[in-house]
Each structure stands twice: as C-alpha cells, then as structure tokens.
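I opened this entry to record what I looked up, element by element.

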Amino acid sequence: MTDARRGLGIAAAVALATLVVLAAAAPLIAAAMGHDITEADLLQRYEPPSLAHPLGTDELGRDVLLRLLYGGRISLTVGIVAAIMAASIGTVVGLLAGYFGGRLDALLMRVTDGVIALPLLPLLIVLAAVDLTELDLPPAIADSERVSLYRIILITALVGWTTVARLVRGATLSLKSRDFVRAAAALGAGHARIMAVHILPNAASPIIVATTLAVGQIILFESVLSFLGLGIQPPLPSWGNMLTNAQEVIWQAPLLAFYPGVLILITVSACNLLGDALQEWLDPRAVTRR
Amino acid sequence: MIRYVVERIVQGLAVIAIMSFVIYGLIGLMPGDPVDLMISANPQLTTEDAERLRRLHGLDRPIWARYAAWATSALQGDFGYSRTFARPVLEVLGPRLANTAALMLGAFAVALMIGLPAGIYAASRPGSIADTLVNLGSFVSISVPTFWLALMMIILFAVVLGWLPASGLPPGPAGFWEHVRHLILPVATLAMVEAGAYARYMRAAMIEALRHDYVRTARAKGASRARTILGHALRNALVPVVTVMALSFGGLFSGALVTETMFAYPGMGKLIFDSIMGNDYNLALVALLFATILTLVGNLVADLAYVALDPRIGLGAGPGTERAR
C-alpha cells in the first residue's frame, strides 16, 4: 500500500470515529451548552454564529450545531445498522449460492443480477411511500415516532445486499475446493458447520470491505429519501431532512443548506476511503490467489 | 449470438413481469385507493356509494385478480388513464422519455469525457500528484449527495452569479440554444456525480492492462508511452470498464431522478416521483416499468458492446457466461 493511500485511510478512520463519538455524545454536548434540541426561539431566527450558538440558529431559532449532531446520530445509525443487516443478507445469499452451486446458485445470482440492474432510487421511493397501516403492523410500531427510522433501515438493507452477496459467493467458490475444507468434509463436518466455521471466517475480508462501503451508500440513500420527504420524518432530525427546510430558505440563510451536505459528504467519503484502504490492507484477492 | 440476445430478452421480460407484479402490489399498499380519492373530492358520497364504486372498479377483488385484469389490458396496449393529467398514460410518458434521454445521454457523454481521460492519465503516472488529485476528486464525486450538489450549483450559478437558469427547461417556447442553456446545470450536476466512478474504473483497469508483457514489448520496440497506452493498452483496459458502466446504468437513472426533481426538469424521474406523491398510480406503475425496461435495455446494449470489444469472450452456454459479475 502506498503511503498516501494509507494516510488517507487512517484520516478517514479518524474522521469517522470523531463523527461517531460526537454524535453519540450529542445529549452531553446539549447539556453542556444548556440548550435543548427542540428548543425553538422565534425571536432568534437566523442568528449568526456566537458563543451560545457556535453555528448560529435555523429558521425556527433552533441551534444548528445541536441539530447537526442529532441528525448525525440518526444518519449514522441508519447507515451502520442497515449496512450490517444488508451484509448479513448478502452473506447468507452468497454462502448458499457459492457452496451449493447448481440451480440454487443460478437462481440466487439471477435475483442478485436483477436487483443490481434495477434503478434503485425509484424502487426505494415506492417502498418508502407504502402505507404501514395497510400492513397490519402492531400499533406500537406503526404509530411510533421512530417508525420512519425503522422503515428506512429496513428498505435500504433490502436493496443494499447485492455487492456482499457477489463477493461472498466468489470467495466461497474458491474456498470450497481448498484442502482444509475437503479435510473437514472428510472428517464428517456437516454443510452448516463447514460454511460457518471453515468458509465464513476466510471470507471475512471482502465482507468487511463491502460493509464499510455500504455504510456510505446507505447514508446517501437515506439522505436523499429524507430530503424528498420520504425518509426520516420531522421532528426527528436527519442530515437529509434538514436540507429540505434549508432549501426553502436559500435566500435568507444559504449556510443552512451547506452544513448538512458537507457532513454527508465527509461521512460518505470517509466510508469510501476507509473501505478502499481496508481493501488493500486485507487484500480480499488473497482468497483467490493460490 | 442471436441465441444469446434472445435468451437475454426472455430473461429481461421475466424480470419485467416480476417487477410489474411487485410494483403493482406495493402501489396497492400506498395510502388512499382511487375511491378514497373520489370521496375526498366529493363529500356528498355516502358509505354505500363508496362500496358500490369499489365493486364497480373491482377494488373488492383480491390483489392477484386485479393484477391479472391490469396485465391483460396492458398487454393489449391499454395502460389506463393518468389521474393528474387526465390523459392516457402513454401520451404523458412519451415527451418525458425524450427529456430524460437528453439529460442522461448528455450527462453520460460529459462524464465519459471527464472520467476516462482522467483515469487514463492517473494510471500512466501512479503515485504522482495528478494521480492523487484524480483519486481525491473521484472520491468526492462518488460520495457527494446528488441533490446537495444540485442545490450548491443552483446557489452558485443561478443565485449568486446569475449566469445560468435554475430550471432545466425554458418556461415557454424557446429556441434550441435556449434549451441547451437550461440543460447545462442539470447535465453538469449529473455528469460530476458519475465521472468519479468512471475515472476509478478506468484507472484500475488501465493499471492492470499496463502490467502485461505486450505493453513492455511495445515499449521495447520503441513505441512512445502515449502510443503504448492509447494504441495497445486502452482497448484491453476498456473491457472491464464497459461492464461496470453497464451495471451503473440504474445508478445513472437514480441520479437523473434526483437531478430532474431539483431542476424542475420534466423527465421520467420527476414523473415517477410526482405520480407517487400525487397518488397517480396508473402513471406511477407504468413509469416505473419503463424505467426498469430502460435500465435492462441499457445493460443489454452494454453487454453486447463488451463482446464487440473483446472477441475472446464467448456468449451463450459454457464457461464464457461466467464473466465478471
């Protein structure tokens, strides 16, 4: 790995860790600043940055910095949780397809290719527009304030698993004919045990890389859906839905439209850079190299 | 070759059939059926009227029966009426399709013109400052939210500088160049989002191609560096790039949807978004299917281009189909 790439990877990891810590500490920061996230003050709209409000206030007089931090909690939670869910789906699909081969492989890979080829955003918009009350969900979930959060995690995970599935299938294909796997089979290990104990750990590198990249991708999907009014619903702040409001006040406060986007850009770049660096470091191709 | 194309078309039709059922089902789950909308438009309707209307429109039947009825008339060329436009769905779609094609082809061409040369140049000087800049630029390009980039472009070029209009289409009848002027910002936005990925694929593929012996041979025989890269390595490096581009066609359409919405450009993407938001389900269904077909056709064309670029790749059955997935 070149020094420049390693440097970028480390910088990305540090940036991500900082963002996660800041977002996690948002309630503490709010307490320290003496504001509340929902505290609106119509007499103090569009305040310039000051000691009390380091990034000023928005169109309702709420503290911009705090809203960005709380928005980060939501956006990062969605990205990380949905990416892990997507990776789990992809791992199972890839393992089954690569290990059993034949018709199952053909079927699963056709489905994967089909999903990859689809225009995902229109599909996500349809999924996000589904009326949950028609699905007979328990009211405790359907009426919860956080239902938009659960829904966005679920639907982005549903479309985000394909890369992992393809990578895991590739790794499984080459691993299953290796001697240590054959030895395990000869010793009487069952299919499930071989997949879980012998193949999965050796396919970990591509899974880690693809999951890191998926976090960024899912944050992008979350932000655009929330921006369009189909993702995270106010009063829950996310970087995407903060931009919806900001778009309407471009003239009074262009900076309100600037901050959330920059944070999305930094977070997603960091995920992509980190994934790239991890890829070189872990070298998933080592699996296929004899 | 013909067998392969036929196979792919059959496969594509299967995907479209499945998608149409899935989308039909999902749309049935959206808030408000047509009768709900009629009731909200006419408060004098009674509950009995609503029941009668539901039966009249077949809404009391199970979903698969309704889908079968829709599919039968769709296969006969009747896709129903758009609720918001009060016109047959296909009439609404036609001009939108042309607009989206203009935006996507424009952005695709610009993205290629930026991405490929940048990738080739970076690959010819790995580790140089130019390479690092291309690398960073690509990361920004693949990481930037499209809608935010569009917003920033509008703020900069339409609001602050006032050079270009913030809408994608002239408000009234206008000449060709006026149309082009309105397209600059949307096309530039979409191209900037796409170019980074192309540059990355191109760089990676070119670095791989430059490792081959025939490149060293060409250099040893006295071919210049530029000639080795453009004359010998490029054709081989393009093969994987074309494949990844084929897979990115759906992404291009997603980007077009956002771009169209941001620049109020009347294309397919904005139509899909507006029709879902406006409960115009006939239109949403057909528009979504069209988008899917568009993507599948794009993938097929790119796959055929892939074969044209590399005659070694066999089509049809056998190991030849085991291409880079």
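Entry 1, a helix pair in chain A. I started with handedness: α11(A) passes α12(A) in a right-handed crossing. The model is a predicted one, and what follows is computed from it. I then looked up the geometry of this pair. Helix α11 of chain A spans residues 204–227 and helix α12 of chain A spans residues 239–248; their axes come within 7 Å and cross at roughly 35 degrees. On the α11(A) side I listed Glu222(A), Ser223(A), Val224(A), Leu225(A), Ser226(A) and Phe227(A). They meet Trp239(A), Gly240(A), Asn241(A), Leu243(A) and Thr244(A) of α12(A). By class, the residues of this contact are five nonpolar, five polar and one charged.

I checked the secondary structure of chain A and found 13 helices and zero strands. Chain B likewise comes to 13 helices and zero strands. Of the 290 residues of chain A, 46% count as buried. For chain B I noted 325 residues, of which 37% count as buried. I also looked at how far along the sequence the contacts reach. In chain A, residues 24 or more positions apart make up 72% of the contacts with a separation of 6 or more. The corresponding share in chain B is 71%. I took the box of chain B along the principal axes: its C-alpha atoms fill roughly 90 × 60 × 35 Å.

How many residues of chain B are in contact with chain A? I count 36 residues of chain B, in contact with 38 residues of chain A. Several helices of chain B each supply at least two residues of this side: α1 (2–28), α6 (129–143), α7 (146–160), α11 (249–262), α12 (268–277) and α13 (281–309). The side of chain B that touches chain A divides into 26 nonpolar, nine polar and one charged residues.

I wanted to know whether α12(B) is enclosed or open. Eight of its ten residues are buried, so α12(B) is largely enclosed by the rest of the structure. The buried ones are Met268(B), Gly269(B), Lys270(B), Leu271(B), Ile272(B), Phe273(B), Ser275(B) and Ile276(B). Lys270(B) is on that list of buried residues. After the helix comes Asn279(B), with a positive phi near 55 degrees.

Next I looked at a partner of this helix. Helix α5 of chain B (residues 89–124) and α12(B) have axes that come within 7 Å and cross at roughly 130 degrees. That angle makes α5(B) oblique to α12(B). Arg96(B), Leu97(B) and Thr100(B) in α5(B) meet Met268(B), Gly269(B) and Leu271(B) in α12(B). The contact has three nonpolar, two polar and one charged residues.

Which residues of the largest nonpolar core touch the most other members? The core has 156 residues, and the answer is Leu124(A), Ile272(B) and Ala287(B). In general terms, nonpolar side chains tend to be buried together in soluble globular proteins.

I followed Ile272(B), which sits in helix α12 of chain B. Ile272(B) counts as buried because 29 C-beta neighbours lie inside 10 Å, where the cut-off is 20 or more. Leaving aside neighbours within four places in sequence, I find Ile272(B) in contact with Pro122(A), Leu257(B), Ala284(B), Ala287(B), Leu288(B) and Ala291(B). Thr261(B) is eleven residues from Ile272(B) in sequence, and their C-alpha atoms are 10.0 Å apart.

Then I took Ala287(B). Not counting residues up to four places away in sequence, Ala287(B) touches Leu93(B), Met268(B), Leu271(B), Ile272(B) and Ser275(B).

Ala264(B) lies in the loop between α11 and α12 of chain B. Its phi is near 50 degrees, a positive value in a residue other than glycine.

Last I turned to helix α9 of chain B (residues 213–220). Of its eight residues the number buried is zero, so α9(B) lies largely in the open. Just after α9(B), Gly222(B) takes a positive phi of about 100 degrees.

Key:
Residues numbered from 1 in each chain as written. Chains lettered and ligands numbered in written order. Predicted model: local features only at pLDDT ≥ 70, side-chain atom pairs only at ≥ 80, totals over all residues. Axes fitted to C-alpha atoms, helices over the stretch in contact; angles between N-to-C directions. Helix = DSSP H or I, 4+ residues; strand = E, 2+ residues; numbered from the N terminus. Left-handed = near helix turned anticlockwise from the far one by under 90°. Contact = placed C-beta atoms within 7 Å. Nonpolar A, V, L, I, M, F, W, Y, C, P; charged D, E, K, R; others polar. Buried ≥ 20, exposed ≤ 12 C-beta atoms within 10 Å, placed from the backbone. Parallel < 35°, antiparallel > 145°, perpendicular 65-115°, else oblique. Core = buried A, V, L, I, M, F, W, Y, C linked by C-beta atoms within 7 Å.
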